[in-house]
Amino acid sequence: MARYIQYQADNGAQAVQIFDSWATELSPVDFEEFSLPYLKQIVDTVKKTHPELPLILYASGSGGLLERLALTGVDVVSLDWTVDMADGRRRLGPNITVQGNVDPGVLFGSKEIITDRIHDTVRKAGRGKHILNLGHGIVVGTPEENVAHFFEVAKGIRY
């Protein structure tokens, strides 16, 4: 995995997101034994050759593991929509960047609701060290005009 990320960086990737799809199937103690050491190994290996490459870690449903995810050494912890952004920011602290975490289901709502949720997420994340994003991928059938609205509102935000 580390070699593949290094390959991506060598070929122009400006940031890489690591998805740990199984992390949340583990208890916190098992995550510490069976996942954390390997994630740290990946991060440490990549940072030796590409220290400036931002590494993002996403594990869906990871509310119970947030503090442990930060221990991997990644630059950004991506939060899914089940974590309140203010709580995630408090738990991770001000020195790590957070990504997320608007509920993708919100994109089925009105433009007013989408705008309100975006601003609520940004407010809760605090000033700086936040990458606005959905808390998971776009759901099949999401109205494209609502996705466009999400991006228009996001582009207008100034921290």
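I looked up K47 and found it in helix α3, residues 36-49. Helices here are DSSP runs of H or I with at least four residues, strands are runs of E with at least two, and both are numbered from the N terminus. I noted that this is a predicted model, where local features need pLDDT of at least 70, side-chain atom pairs count only at pLDDT 80 or more, and totals for chains, interfaces and linings use all residues. Residues are numbered from 1 along each chain as its sequence is written, and side-chain values use heavy atoms, with hydrogens and water left out.

Is K47 buried or exposed? I put it down as buried because its relative accessibility is 18%; buried means under 20% relative accessible area, exposed over 50% and partly exposed in between, with a 1.4 Å probe and protein chains only.

Next I checked the neighbours of K47. Leaving aside residues up to four places away in sequence, K47 touches L53, P54, L55 and D75, where contact means heavy atoms within 4.5 Å. With D75, the K47 side chain also makes a side-chain polar contact at 2.7 Å (a pair of N or O atoms within 3.5 Å, one able to donate a hydrogen and the other to accept it within protein; residues adjacent in sequence count only if both atoms are side-chain atoms).

From C-alpha to C-alpha, K47 and F108 are 39 Å apart in space, and they are 61 residues apart in sequence.
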